[in-house]
Amino acid sequence: MLSQHRNATPAGPEPSTGAHNAIDDDRILDAAYPLFLAVGPRRITMADVARHTDVSRATLYRRWPNVRSLVAALVTREWSVLAAGAFDGRGQHGRARLVDAVVMIAAASREHPLLRMIVELDPEFLLPYLLERRGTSTDLQLSLLEQAIGEGIADGSVRSGDPAILAQAVLLTTTSFVLSGRAMTQHVDGLDRELGMLLDRYLAP
């Protein structure tokens with residue numbers, strides 16, 4: 001049985017064989033992923049993750065200082081996979097590629113098992129990233145959006161403006177569709193079409 005949430009302390013030092021350096025981050029995240037889906041991040045300790053992934057707490061603490069940072073790394077990795085192909089649209093002007101990519105990612109994010117678990121089991125986990133500070137995933141999203149908006153401005157399909165500000169507005173709008181969409185309606189396909197229309201008209205010259 002998983003232990004209750006507590007302030008875990010790192011295990012004692014491992015032998016200085018360098019073996020911990022050979023453990024791939026992705027292997028640890030892959031092994032921890034089903035644990036997070038089953039239990040939720042706020043009820044897991046680093047000791048739980050260590051037992052489930054068959055690595056020592058010392059190894060985990062060398063990579064991530066706490067469970068929140070480990071989950072953040074997992075979220076960033078999963079979102080990067082979603083984004084990898086979404087911005088590769090060809091044969092369209094920049095605004096169309098951007099809008100298609102954002103709507104595709106919004107729909108996939110809303111249905112992603114990790115985000116659904118967090119929303120259903122531990123919604124408080126999201127609050128610092130919504131109200132206090134930007135996380136790594138947000139920085140990555142803004143970077144991709146700024147680049148895509150810059151390309152759209154360059155080809156004349158996106159109105160002139162500061163790409164950083166436009167990217168922030170697009171992300172804030174899209175986040176509300178992702179996180180609150182199911183609270184509004186079960187017909188999220190219709191919401192995605194509206195999101196696409198909203199962004200297209202917002203960005204149009």
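A search of the whole structure finds 11 salt bridges, where a salt bridge is a side-chain nitrogen of Lys or Arg within 4 Å of a carboxyl oxygen of Asp or Glu. This is a predicted model, in which local features need pLDDT of at least 70 and side-chain atom pairs count only at pLDDT 80 or more, while totals for chains, interfaces and linings use all residues. Residues are numbered from 1 along each chain as its sequence is written, and side-chain values use heavy atoms, leaving out hydrogens and water.

**The overall picture**

- The protein has 10 helices and 0 strands; helices (H or I, at least four residues) and strands (E, at least two) are DSSP runs, numbered from the N terminus.
- Of its 205 residues, 40% count as buried; buried means under 20% relative accessible area, exposed means over 50%, and partly exposed is in between (1.4 Å probe, protein chains only).
- Among contacts (heavy atoms within 4.5 Å) between residues at least 6 apart in sequence, 72% join residues at least 24 apart.

**Salt bridges to look for**

- Side chains of opposite charge can pair when their charged atoms come close.
- Arg51 pairs with Asp48 in a salt bridge whose closest N and O atoms are 2.5 Å apart.
- Both Arg51 and Asp48 lie in helix α2, 3 residues apart, about one turn of the helix.
- An α-helix has 3.6 residues a turn, so residues three or four places apart point the same way.
- Arg51 is exposed at 53% relative accessible area, whereas Asp48 is buried at 2%.
- Another salt bridge joins the side chains of Asp200 and Arg95 (2.7 Å, N to O).
- Asp200 lies in helix α10 (residues 188-203) and Arg95 in helix α5, so this pair ties together parts that are 105 residues apart in sequence.
- Asp200 is partly exposed, with a relative accessible area of 27%, while Arg95 is buried at 13%.
- Glu132 and Arg133 also meet through their side chains in a salt bridge (3.6 Å, N to O).

**Helix α4 and its surroundings**

- Helix α4 (residues 67-86) has 20 residues and reaches 29 Å from its first C-alpha to its last.
- That span is close to the 28 Å expected at 1.5 Å a residue, the expected span being 1.5 Å times one less than the number of residues.
- The buried residues of α4 include Val67, Leu70, Leu74 and Trp79, and their cover includes α1 (25-39), α2 and α3 (57-63).
- Asn66 caps the N-terminal end of α4, with a side-chain oxygen 3.3 Å from the backbone nitrogen of Arg68.
- Ser80 is in helix α4 too, and at 28% relative accessibility Ser80 counts as partly exposed.
- The side chain of Ser80 reaches the backbone oxygen of Thr76 at 2.7 Å.
- Ser80 and Leu140 are 60 residues apart along the chain, yet 8.1 Å separates their C-alpha atoms.

**A buried methionine**

- Met46 lies in helix α2 (residues 46-53) and is buried, with a relative accessible area of 2%.
- Not counting residues up to four places away in sequence, Met46 touches Arg57, Leu60, Tyr61, Trp64, Asn66, Val67 and Leu70.
- Met46 and Arg57 are 11 residues apart in sequence, and their C-alpha atoms are 6.4 Å apart in space.

**An exposed leucine**

- Leu131 lies in helix α7 (residues 127-131) and is exposed, with a relative accessible area of 68%.

Terms used. A polar contact is a pair of N or O atoms within 3.5 Å; within protein, one must be able to donate a hydrogen and the other to accept it, and residues adjacent in sequence count only if both atoms are side-chain atoms.
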